[in-house]
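Subject: Structure handover

Hi,

Here is the structure I promised you. Please open it and keep it on screen while you read my notes below.

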Amino acid sequence: MIQPDDIRRKAGNLYGQFVQAWLTGDHSFFPRTIPSQRNPDPDSALAVDAVRALRATSKEVAGVGYTVEWREVNSRRFGRNLFPSRIVIETQDDFLHLTGRSRDFQRFQEAVGAIRARYTELEGWIRSNTVALTEMASDVEGLLEVVDVLRRTPRPGCFARELPVSVDTKFVERHQTVLRQWLDLVLPPHTIRADEDHFERRYGLRYAEPDLLIRFLDPATQQRLGFPCDVLSLPLHTLGVWEHNITSVLIVENKVNLLTVPPGSFEIAMGGMGNGVTLLRHVPWLTSARIWYWGDLDVDGLAILSSVRAILPHAESVFMDEAAMTAWRHLAVTGTGWVPSNAPHLTTSAR
């Protein structure tokens, strides 16, 4: 025979359906029947005890919870007794009492109300993320503050912690996943860089940019541009808007190799970035300079070369062809066995 713990467990399993019904205004969810064993043995002493336990915590006795619909059964051993024929949860209050989710649901209701009052565009997100919304309900007001500011002032060009909101300085960082989902639904498309996965670049916020290592290989270029040293680091954005007349650039995968390149055919060398070379898409003047790339002559290096050519199709390689492999085969070592899934920008020559 079904017992109170069984009823509470079965009610808990219905919580997700209940939330969806509430969100859509479906009032047919209650009353709700809980499946139960219909034919207990009326001659069993255990069944009689189970009936007592079932009645003791029912709505009939406790005033809230499940309702038992009884049927009279004649027992040879115990005479005429009432046994349950159906278990019903009549109201929302009964249901929340049984599941122990009253406080959770209250927070959820408040969070949904706050979101709906400001952004109807998030209705679909609410219905698809009810569990997450319940867990983050206490942060919803702060999240809405952030969205409000970026809606009023898209791509503000400041650090996230400089936004005029009441949340703590690391709030945006902690909630980037949800904020991205919301902002993509709420902000005008032209204010979002859809090709960017990086949160700050996607929404026009400042961030601690990576520094790119630069080395002058041509003393005349260094003198012309007025730099007192031949090796320096520049933030990505600064490099991107650098005004100069540089026409030849060597991009180097390895930092030590970058620092040991002899002066000569190139005006500058830059790199030491490994897979970070894809950030060079934010340096637009590279598209008008002649570009060479020198990376490790292995699977990883060739994959990076392919990534470079995805953003700089005119890039040529240095010491990364079959001739270099043949000449220095005696220095080859065993690789890791990794094979890239796709490297579409490699060619059969250096060009």
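This is a predicted model. Start with the sheet. It is open, has six strands with mixed pairing, and runs in the order E5-E4-E7-E6-E8-E9. Strands E5 (231–235) and E9 (316–317) stand at the edges. Each has a single partner strand, so one side of each lacks a neighbour in the sheet.

Look at E5 next. Strand E4 (residues 211–216) pairs with E5 in the antiparallel sense, over five bridges. Asp211 stands opposite Pro235 in E5. Helix H16 (residues 299–311) packs on the sheet and touches strand E8 (290–294) and E9. The direction of H16 makes about 165° with that of E8.

The largest pocket holds about 910 Å³ of space. It is lined by 32 residues, and the closest to its centre are Asp296, Leu297, Asp298, Phe319 and Met325. H16 turns up again here: it gives the most to this lining, with five residues. The lining of the largest pocket divides into 16 nonpolar, ten polar and six charged residues.

The second largest pocket has a volume of about 380 Å³. Of its 14 lining residues, Arg201, Tyr207, Glu209, His237 and His282 are the closest to its centre. Helix H14 (236–240) supplies at least two residues of this lining, as does helix H12 (199–203). The largest share, three residues, comes from H14. By class, the lining of the second largest pocket has four nonpolar, four polar and six charged residues.

Best wishes

How values were computed. Residues are numbered from 1 along each chain as its sequence is written. This is a predicted model: local features need pLDDT of at least 70, side-chain atom pairs count only at pLDDT 80 or more; totals for chains, interfaces and linings use all residues. Side-chain values use heavy atoms; hydrogens and water are left out. Two strands pair if DSSP finds at least two bridges between them. Helices (H or I, at least four residues) and strands (E, at least two) are DSSP runs, numbered from the N terminus. Contact means heavy atoms within 4.5 Å. Axes are lines fitted to C-alpha atoms, for helices over the stretch in contact, and angles run from 0 to 180 degrees between N-to-C directions. On a 1 Å grid over the protein atoms alone, a cavity is a set of points where a 1.4 Å probe fits but cannot get out, and a pocket is an open set with protein on both sides within 12 Å along at least five of seven lines; lining residues have an atom within 4 Å of a point. Grid points are joined across faces, edges and corners, and a volume is the space filled by probe spheres set on the points. Ala, Val, Leu, Ile, Met, Phe, Trp, Tyr, Cys and Pro count as nonpolar, Asp, Glu, Lys and Arg as charged, and the others, Gly among them, as polar.
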